Amino acid sequence: MTMTIRARIALTIASLAALLCICVGFGLWSLNTINASAKDVSLNSLPAINALGLSDLYLGRARLVLDRYALSPDAPGAATLPARAAQFMATSDQWYDKYDLILREPDEDALAKALVEARKNFRQVLDAFSQAIARGNSAEIDHFVTEDVPNAYNRVSNAFDALRNFQLTDAARQDADNDRQFETMRLWALLVVPAGIAAAIAAWIFLRKAIMNPLAEALRQFDHISSGDLTGEIKVRGTDEMGQLLAGVVAMRLRLAETVGVVRASSDAIASASNQIAMGNTDLSSRTEQQAASLQETAASMEQLTSRVEQNAVSAEQASKLVETANEVAREGGAIVGQVISTMTGIEQSSRRIAEIVGMIEAISSQTNILALNAAVEAARAGEEGRGFAVVASEVRSLSQRASAAAAEIKTLIEASATRVQEGAHQVAKAGGTMDHLGVAIQHVADLMTEIALASQDQSRGIAHVNIAVSQMDQVTQQNAALVEQAAAAAGSLHDQAKQLTAAVAVFKIA
């Protein structure tokens with residue numbers, strides 16, 4: 001079962017805390033023991049030794065006072081010595097009472113009872129010695145001084161010594177116990193400190209194996225990833241937090257490798273597509289510029305065609321007016337022929353020749369009609385040059401001369417051939433019918449010329465509209481050419497950015 005990092009840290013801290021608690025507990029126990037021993041010495045042994053020593057001292061002073069009283073009972077102030085001895089005895093009792101208040105062990109209590117008996121005996125001996133001094137019995141005083149008092153004092157002194165020795169022995173025992181406790185505590189400290197160091201080292205190795213090594217592996221992988229190397233392999237050991245971290249790093253590396261692969265493929269595709277778009281836009285820009293130039297030429301041609309159509313319309317209107325004039329002339333000629341018919345009854349001989357001349361005039365009129373038509377067609381073709389009209393003018397001029405010559409001949413013939421009037425009248429009648437037909441034809445031609453003029457005007461307006469449309473197409477084509485240039489520039493910029501993206505992604509190694 002794999003332990004988690006939290007559990008390992010908790011176990012390590014708990015182990016170190018337990019070791020610390022053991023050390024602190026042992027130290028506190030040792031300090032408590034030493035403190036109890038020190039308190040026992042300060043509160044029991046030393047006060048007991050002090051009380052016993054003072055009690056013994058005041059007993060010795062009481063003996064000395066009585067010994068002095070026994071040696072010089074008549075000396076000045078000797079009468080107060082028994083009282084002083086009694087006071088010393090009372091002080092000795094007070095100090096012994098202080099000792100008696102101190103707690104004692106059973107062994108010490110037995111020695112204390114022996115001291116009580118010895119003190120009681122010593123008090124009795126001192127009381128008897130004081131009475132003997134008061135009675136002045138020298139033999140009895142000598143007996144107390146040499147035997148009873150020394151014996152009683154030695155007994156009580158030995159009892160005091162026994163208690164003091166007991167206290168000193170107990171203090172020495174406690175001191176030895178404290179020394180042993182100190183040595184034990186020092187030994188434990190010498191053992192626990194290396195154990196603590198060993199535990200700390202073990203905890204460091206334990207945590208390093210659990211945390212530092214996987215963390216170092218993760219940092220090493222992060223260094224590889226930051227340098228663009230996505231091919232590193234990570235061995236995930238364990239399922240604790242660091243194992244989960246390494247598993248996350250592995251997943252991140254795989255996802256990043258997939259993402260970089262997709263971005264690299266996309267950047268290559270974008271670079272290729274942007275290059276194709278740039279090339280296509282460049283080609284399209286060139287063709288659009290050519291189309292714009294063609295449209296400009298077309299617009300110029302349409303302007304020329306419009307001007308020519310307008311000129312043709314003007315020429316058609318002028319021809320229509322000329323035809324109308326000819327129609328009016330033909331009508332007037334018909335009226336004149338009618339008058340000639342009414343006036344040429346007497347000149348029958350010249351009528352034949354007049355008929356021929358009229359036939360010639362009819363031919364001239366027919367040619368004039370044809371020339372007029374040719375002039376219209378030539379005017380429609382030639383436009384502003386007007387070469388057709390020059391030819392028509394020349395032919396009309398020639399026909400006019402011939403008509404003039406024919407008229408002179410007719411005059412001569414009329415003067416010479418009066419006998420031919422009847423025949424001329426007959427021919428004039430025919431010429432009147434022909435002139436009527438000629439008027440109808442000229443009227444039809446006038447109608448046709450009017451229709452041609454209207455059609456030319458409509459054509460001129462249509463060509464003007466086409467010219468406007470071509471101009472608009474030229475503007476739109478120029479705008480499209482500008483847009484195509486912008487698109488080509490944008491495609492070039494996109495191609496450069498795609499190259500930069502490809503170069504940036506090429507840093508990563510995914511395989």
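**Briefing on an all-helix predicted chain**

The accessible surface of the chain comes to about 30,400 Å², of which 60% belongs to carbon and sulfur atoms; such areas come from the Shrake-Rupley method with a 1.4 Å probe, and for residues only the protein chains shown count as cover. This is a predicted model, in which local features need pLDDT of at least 70 and side-chain atom pairs count only at pLDDT 80 or more, while totals for chains, interfaces and linings use all residues. Residues are numbered from 1 along each chain as its sequence is written, and side-chain values use heavy atoms, with hydrogens and water left out.

**Overall make-up**

- The secondary structure comes to eight helices and zero strands, where helices (H or I, at least four residues) and strands (E, at least two) are DSSP runs numbered from the N terminus.
- Of the 511 residues of the chain, 32% count as buried, a class that means under 20% relative accessible area, with exposed set at over 50% and partly exposed in between (1.4 Å probe, protein chains only).
- Among contacts in the chain with a separation of 6 or more, 85% come from residues 24 or more positions apart, contact being taken as heavy atoms within 4.5 Å.

**Helices α2 and α3**

- The axes of α2 (residues 81-100) and α3 (residues 106-135) come within 12 Å and cross at roughly 170°; axes are lines fitted to C-alpha atoms, for helices over the stretch in contact, and angles run from 0 to 180 degrees between N-to-C directions.
- The two helices α2 and α3 are therefore roughly antiparallel to each other, given that angles under 35 degrees count as roughly parallel, over 145 as roughly antiparallel, 65 to 115 as roughly perpendicular and the rest as oblique.
- Residues making this contact include Pro82, Met89 and Tyr96 of α2, together with Leu115, Phe122 and Leu126 of α3.
- Glu105 is found in the loop between α2 and α3 and is partly exposed, with a relative accessible area of 40%.
- Leaving aside its neighbours within four places in sequence, Glu105 is in contact with Phe166, Asp170 and Arg173.

- Asp170, which is buried at 9% relative accessible area, forms a salt bridge with Arg173, the closest N and O atoms being 2.3 Å apart.
- Asp170 and Arg173 are separated by about one helical turn because they lie three residues apart in helix α4.
- Arg173, partly exposed at 39%, also meets Asp177 in a salt bridge (3.2 Å, N to O), and Asp177 is itself partly exposed at 25%.
- Glu183 pairs with Arg186, their closest N and O atoms being 2.3 Å apart, and Glu183 is partly exposed at 37%, as is Arg186 at 42%.
- Salt bridges that share partners join Asp170, Arg173, Asp177 and Arg180 into one network.

**Nonpolar surface patch**

- A nonpolar patch of about 990 Å² is made by residues including Val193, Trp204, Phe222 and Met252; patches consist of residues with over 30% relative accessible area and no salt bridge, like charges being joined within 9 Å and nonpolar side chains (Val, Leu, Ile, Met, Phe, Trp, Tyr) within 5 Å.
- Both α4 (138-226) and α5 (241-343) supply at least two residues of the nonpolar patch, and α4 gives the most, with nine residues.
- Met252 has its place in helix α5 and counts as partly exposed at 37% relative accessibility.

How values were computed:
Salt bridge = Lys/Arg side-chain N within 4 Å of Asp/Glu carboxyl O.
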